[in-house]
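Dear colleague,

I am passing on the structure we talked about, and below it you will find my notes on what turned up when I went through it. Please read them with the model open beside you.

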Amino acid sequence: MKKIVLNIDKGSSRMAQHAHIGNCCRHHMKVLPGYGDKNFRFPDDQTLVANALARIEKRYGTEAAIEAAGHEGDSAKSASKSDKAEVEAGLFGHEPVKNAHSHGSKPDTTGRGTFRTRGIIKAEMKQPIRTGSGIRFDRTFVPGLPTHGIVDRQKVITKLPDAEQRQMDGTVFLVSSALAIIQDQGKNNAIVAELFDPLAGAVNWAREHMPAKYQQAIASLSAQLDKLQQLYLAALPRVLAVLAAQNPDVDPKKLEDAAVEVLNEELVQILTVLRIWTDAFAQRRDGMYKQLEAVIYTVETAFKQQTHSDGANAADIHTVVFQVGNVFVARFSNQGPATFPGTRGPIGAHAIEVRHDQRNQTALSLVLFTHEFRHDIWADVEGLAAEETHAVISQVQEAFTKGEFKFSAEKVNFGRNQFDTIDIICKMIADNIGEIDADIAGGVLQSGPAFLYNMVPMFAAYNSEPGADGIFKSNRLIRASSFYELSKEHGQVSLDFLPHPPDYIRAYIVAAALEEIGFNAEAEECRRLADQAVGSPLPSYIAWGDVEGKSKAVIKIAFSDLKQVAPVIARAIIRTKMKSLGGKSMFDIVNWNRHRQDKVDLLTKLLMNGSSELPAEKGDMFATYIAAAATMAFWGLCKSGVRPLVAAASVEENALKMIFTARDREEAAELAKANVHEAHGPCNCGRHPEAAAPAQATPPAAPAAAATAKPAHDGSESGVETGETDEVE
């Protein structure tokens with residue numbers, strides 16, 4: 001094996017600067033923000049046509065392309081085995097017609113009437129028929145039409161009769177040709193309509209019915225869809241014209257299917273991403289998924305807490321994509337949980353993916369979205385990813401130099417290579433920093449101990465064998481291994497860890513974060529649950545194998561070495577003051593403390609008792625508190641002996657009601673605030689951005705003033721909070 005290099009800086013730059021699509025938490029996909037583009041980089045129609053034709057040639061080309069239409073039989077003989085397999089299977093969903101002869105060619109010795117020519121399937125759907133009179137007809141089978149046309153080739157008009165004698169002119173031909181042209185143009189419109197009308201319909205509904213704060217994003221999405229439709233309409237006839245000219249004997253319907261197929265493939269990325277937003281509007285329109293509104297409100301709350309701190313804890317944070325006034329949409333799909341920043345779709349609208357199979361446990365999964373959403377903020381705050389990576393690595397190296405921990409071995413073997421243990425651990429941290437940050441700054445600091453009670457069982461559910469008894473059949477419910485990949489850059493072979501730390505050490509890092517903020521007992525519980533879920537015997541090493549399976553070399557790092565480093569990682573992320581955070585630490589901006597946990601404990605008791613009451617006299621009850629309480633209540637009910645599915649249904653129903661109550665109170669409070677602001681005119685407090693429609697503005701302060709009047713600060717009798725406040729800290 002060649003000399004391998006460890007590039008520490010590669011991890012954060014790869015995660016923060018490029019759109020990264022990949023697995024996250026098993027059934028998870030995330031896309032990090034893109035930079036510098038207001039909209040998609042749509043290809044011009046010339047480029048799209050060229051790429052589509054090249055795709056067709058690559059897919060349908062044969063080793064012996066036919067130069068003339070009269071050698072179809074020879075073409076079938078020379079087709080490759082894979083070509084023949086496709087022919088036999090029937091391309092585009094249609095079975096080929098088998099006949100003894102092909103019109104105008106040699107006898108078809110292959111027994112098939114489907115051929116390839118000039119880079120495209122020669123789908124000859126013509127079956128010659130001989131009548132008693134000996135007249136030859138071409139019967140053309142057009143897929144999808146109820147009848148088969150019969151054209152008498154012997155009776156085609158070849159000469160016009162005398163115009164004077166028959167009193168005829170050429171008008172009939174002009175009218176007919178015009179109608180044919182219009183129909184041909186309409187055919188293209190029909191193809192585009194079938195593809196785009198469902199998307200445009202959802203946008204039109206959103207324009208008419210969605211609140212004012214969404215309208216800017218809706219207009220952006222509409223403009224992108226219009227541009228994409230025009231591009232499609234411009235490219236489709238040009239692709240068809242080239243195919244028809246090169247393949248005059250091929251059924252036009254076959255050519256049309258091929259053109260549409262490759263154009264869709266060329267535009268699949270744009271179409272797929274825009275559908276995330278149009279599906280979100282459509283699902284809201286259809287009123288089938290009330291749970292999505294709870295997801296949106298929870299993420300909105302997390303968004304404000306992460307970026308819009310004020311007062312003594314105000315931080316001068318510069319984001320590229322996420323701005324005040326941005327909105328969120330959500331859809332159920334087969335992806336997720338995941339978030340998509342607005343640069344991948346309409347401007348100012350960020351999308352959330354929720355898995356269909358989690359529909360009936362949406363409230364129980366809300367804590368996960370504080371983790372998912374943090375990915376986007378972490379990558380979007382200017383300089384944060386690189387600065388945090390440097391801070392964590394430098395503090396781990398400093399602690400090692402000071403002798404704060406001693407590794408079981410000085411070196412880690414990797415094939416013929418050896419790395420210093422401190423170096424390979426630092427490389428792993430750098431490559432996994434995005435997930436580690438999301439666990440700590442997104443999960444722990446915004447939901448507290450609830451994150452451990454959500455993360456460990458959720459991982460176990462993902463990893464278990466299929467079936468109702470899968471949990472009880474699986475020994476290791478959380479992973480103690482992952483993968484690496486090797487890549488060549490500048491003549492060197494670089495080693496990179498895949499971006500997710502194995503679950504076992506990940507849980508220990510979460511435990512270290514809980515301990516760092518004063519939740520020692522909960523931290524110990526996290527470690528105990530991780531030991532229980534990882535199975536028996538407890539793994540001595542965390543291992544990484546080659547993701548492509550080409551190398552048998554395995555990286556093994558002693559678990560005892562990794563867990564020594566966990567507290568340093570957690571402390572660095574939570575406590576380090578960073579320039580990118582305006583000189584504040586992450587704990588200064590958003591945190592978790594006993595005061596917040598007391599509120600979660602109160603909500604947990606209510607949910608365990610089957611109540612959806614949201615006390616107004618206890619101060620702010622943020623969506624993140626309710627999300628945490630839902631997880632804790634479900635855990636508590638199961639621990640107390642309630643049947644799990646019964647417990648889940650009860651908590652799900654009542655937690656969603658709590659979420660909607662909190663949202664309604666906040667919206668009422670914001671409306672009242674906007675009315676007061678409008679009545680008294682502009683102020684100089686800096687917290688009320690001037691706008692033509694104040695109700696559309698997203699409040700830049702901490703999320704959530706309660707709609708009902710509350711005592712000064714957070715419910716203390718004296719009106720003075722003792723060292724803690726529910727303003728974003």
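**Salt bridges**

A search of the whole structure, which is a predicted model, finds 30 salt bridges. Three of them are described here one by one, with the parts of the chain that they join.

The side chains of E666 and K304 meet in a salt bridge, with 2.7 Å from N to O. Because E666 lies in helix 22 (residues 644-680) and K304 in helix 10, this pair ties together parts that are 362 residues apart in sequence. Both E666 and K304 are buried.

R331 and E353 also meet through their side chains in a salt bridge, again listed at 2.7 Å from N to O. R331 belongs to strand 7 (residues 327-333) and E353 to strand 9 (residues 349-355), so that the pair ties together parts 22 residues apart in sequence.

Since E515 lies in helix 16 (residues 503-516) and R527 in helix 17, the parts tied together here are 12 residues apart in sequence.

**Around helices 16 and 17**

The loop between helix 16 and helix 17 holds F519, and this residue is buried, with a relative accessible area of 1%. Which residues does F519 touch, if those up to four places away in sequence are not counted? They are P449, L514, W592, N593, R594 and Q597. For one of these, N593, the C-alpha atom is separated from that of F519 by 8.5 Å, although the two residues are 74 residues apart along the chain.

Helix 17 itself (residues 520-533) contains E525, which counts as buried because its relative accessibility is 14%, under the 20% cut-off. Not counting residues up to four places away in sequence, E525 touches L452 and Y453.

In the loop between helix 17 and strand 14 (541-546) you will find P537, and the peptide bond that joins S536 and P537 is cis, with an omega of about -5°. For comparison, most peptide bonds are trans.

**Helix 10 against helix 13**

Helix 10 (residues 291-307), in which K304 lies, packs with helix 13 (residues 421-447) at an angle of about 100°, and the axes of the two helices are 12 Å apart. Helix 10 and helix 13 are therefore roughly perpendicular to each other, as the angle falls in the range of 65 to 115 degrees. On the side of helix 10 the contact is made by A302, Q305 and Q306, and on the side of helix 13 by A441, G442 and Q446.

Leaving aside neighbours within four places in sequence, E387 is in contact with M578, K579 and S580. The C-alpha atoms of E387 and K579 are separated by 8.1 Å, while the residues themselves are 192 residues apart along the chain.

**A patch on the surface**

V175, L179 and I182 form a nonpolar patch on the surface, and together they have about 280 Å² of accessible area. V175 is found in helix 6 (residues 171-209) and is partly exposed, with a relative accessible area of 45%.

**The protein as a whole**

Finally, some overall values. The protein has 22 helices and 15 strands, and of its 729 residues 51% count as buried. Among contacts between residues at least 6 apart in sequence, 72% join residues at least 24 apart. The protein exposes about 33700 Å², of which carbon and sulfur atoms supply 53%.

Technical notes: Residues are numbered from 1 along each chain as its sequence is written. This is a predicted model: local features need pLDDT of at least 70, side-chain atom pairs count only at pLDDT 80 or more; totals for chains, interfaces and linings use all residues. Side-chain values use heavy atoms; hydrogens and water are left out. Patches are made of residues with over 30% relative accessible area and no salt bridge: like charges are joined within 9 Å, nonpolar side chains (Val, Leu, Ile, Met, Phe, Trp, Tyr) within 5 Å. Accessible areas come from the Shrake-Rupley method with a 1.4 Å probe; for residues, only the protein chains shown count as cover. A salt bridge is a side-chain nitrogen of Lys or Arg within 4 Å of a carboxyl oxygen of Asp or Glu. Helices (H or I, at least four residues) and strands (E, at least two) are DSSP runs, numbered from the N terminus. Buried means under 20% relative accessible area, exposed over 50%, partly exposed in between (1.4 Å probe, protein chains only). Contact means heavy atoms within 4.5 Å. Axes are lines fitted to C-alpha atoms, for helices over the stretch in contact, and angles run from 0 to 180 degrees between N-to-C directions. Angles under 35 degrees count as roughly parallel, over 145 as roughly antiparallel, 65 to 115 as roughly perpendicular and the rest as oblique.
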